[in-house]
Amino acid sequence: MAPPQPVPPVFHHHYSHFRPPLSISQPLTLLLLLLHSPSSISSPPPHYQMGLSMVGMGGSVMLVLVAQLLMAGLVGVCEGQGLVPGVVIFGDSVVDVGNNNNRLTLVKANFPPYGRDFVDHAPTGRFCNGKLATDFTVENLGFTSYPPAYLSEQATGKNLLSGANFASGGAGYLDSTSTLYGAISLNQQLRNYKDYQSKVERIAGKANATALFAGSIYVVSAGASDYVQNYYINPVLNRAYTPDQFADLVLQNFNTFSEALYNLGARRIGVTSLPPLGCLPAVITLFGAGRNDCIARLNNDAIVFNKKLKAAGQALKRSHPKLKLVVFDIYNPLLDLIAHPENYGFFEARKACCGTGTIETSLLCNTRSPGTCANATGYVFWDSAHPTEAANQVLSDAILAQGIDLIS
Ligand SMILES: *[C@@H]1O[C@H](CO)[C@@H](O)[C@H](O)[C@H]1NC(C)=O
Ligand SMILES: *[C@@H]1O[C@H](CO)[C@@H](O)[C@H](O)[C@H]1NC(C)=O
């Protein structure tokens, strides 16, 4: 009889696909030094010149330098421990990578021209021409593959051991938002995550799984659909709640969701703020009364929500001392990009690339949409509700700078 086979070293096998992992303390000291020392930016060592010249966009130079350091693995390498072991993603179309592909919903992006600048020029279900901001973030953390859409065929075996993506286009913090669009509600996303946890425990063993769940970064991106695709067009909600009250209602659901996630073992949560809702091309077209400017009233609603979100995050941290939670401000970076596209090498911030650029998203953005731009690089928006890959890179730079607390 053959001798018993050794248990396959699942995690080791898994990590062999990764860049050299980094130890925690050294890179952070370095990161913090970089972030606080302008002189190290103005006179970079020759080694980093290439990375710097590639971007040359004001404040993001520093971040690129940080990212380059991380990617180059120049900061202390130690075996077996990554900067974080995994990334788990919840939310809406801003972070969905294909969970809606086989669903009965109109909120889909698994057809051209979506994905035309992505790997293999193939649509995946990402609402973008290329990479999402979270794709860049995952790369910045040292991963060489993206967490798979949990409802895709790729979500199996060792692919599950560095996280998974549960997001669904059209989802909101309110179940009613998700229901309206046939999206997977955040509550269902949490149930899918529980299912994921038991799979990982079976594959990697309970102890390894628990370490993965506690060490992973959890990204939550939602809220925009609750406003744009529900509150603003739903007279029942609109009459029942002032913007301030509506923000409170949405945040109640954020709190419940975050508590549940914490109870499932999450200890590093990054939640995105609302973007400047009043500057989304479709929103200007629908609610802008014929004008071509950002709508101040809607941007104000986002500001009100974001302020409350920040307070809610702080309260969650106070009641859970072991929880690291960061509210990523994407409002200001995106607003600055829209107000001063030329500062970032962009030239178009009102019209999106796809179709006329004023209204098309999802099914309306397809190969027969007339007017789609040939090169999306200079556009802030890919479709009328979602940024281009180029804009997502700018956003991920902002996220990287704000996320230091999550990896410390
Ligand atoms: C847990 O991870 C270690 C490596 O960190 C590995 O040697 C071990 O086989 C894993 N346990 C199981 C049950 O896969
Ligand atoms: C789009 O334009 C950018 C900058 O002008 C250029 O670097 C890039 O190669 C172009 N992409 C395509 C697909 O033509």
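These notes go through the predicted model point by point, from the overall make-up to single residues.

1. Overall make-up. The protein has 408 residues, and buried residues make up 47% of them. Its secondary structure comes to 17 helices and six strands.

2. Four strands form an open sheet in the order β1-β2-β3-β4, and the pairing is parallel. Which strands stand at the edges? They are β1 and β4 (324-328). Each has a single partner strand, so one side of each is left without a neighbour in the sheet. On average, neighbouring strands here are turned by 15° against each other, direction ignored.

3. How β1 pairs. Strand β1 (87-91) runs parallel to β2 (residues 217-221), and five bridges link the two. Look for two of the partners in the model. Val-88 has Tyr-218 in β2 as its bridge partner. Phe-90 has Val-220 in β2.

4. The cover over β1. Is β1 enclosed or open? Five of its five residues are buried, so β1 is largely enclosed by the rest of the structure. In a regular strand, side chains alternate between the two faces of the sheet. For β1, Val-87, Ile-89 and Gly-91 lie on one side, with Val-88 and Phe-90 on the other. Both faces are covered. Keep the two ideas apart: β1 is an edge strand with a single partner, yet its residues are buried.

5. Most peptide bonds are trans. The bond that joins Pro-112 and Pro-113 is cis, with omega about 5°. Where is Pro-113 found? It sits in the loop between β1 and α6 (133-140).

6. Helix α6. This helix is mostly covered, with seven of its eight residues buried. Among the buried ones are Ala-133, Phe-136, Val-138 and Asn-140. Asp-135 is also buried, as are Thr-134 and Thr-137. After α6 comes Gly-142, which has a positive phi near 105°.

7. Helix α14. The buried residues of α14 include Leu-298, Phe-305, Leu-309 and Gly-313. Asp-301 and Asn-306 are buried too. What do the buried residues of α14 pack against? Their partners are the helices α10 (224-231), α12 (243-263), α13 and α15, and the strands β3 (268-272) and β4.

8. Most residues other than glycine have a negative phi. Ala-289 is not a glycine, but its phi is positive, about 50°. Ser-362 also has a positive phi, near 55°. Ala-289 lies in the loop between α13 (281-287) and α14 (296-319). Ser-362 is in the loop between α15 (331-339) and β5 (381-383).

9. Buried or exposed? Take Ala-289 first: why does it count as exposed? It has 7 C-beta neighbours inside 10 Å, and the cut-off for exposed is 12 or fewer. Now take Ser-362. It has 23 other C-beta atoms within 10 Å, and 20 or more makes a residue buried. Therefore Ser-362 counts as buried.

Definitions and conventions: Residues numbered from 1 in each chain as written. Chains lettered and ligands numbered in written order. Predicted model: local features only at pLDDT ≥ 70, side-chain atom pairs only at ≥ 80, totals over all residues. Pairing = 2+ DSSP bridges. Axes fitted to C-alpha atoms, helices over the stretch in contact; angles between N-to-C directions. Contact = placed C-beta atoms within 7 Å.
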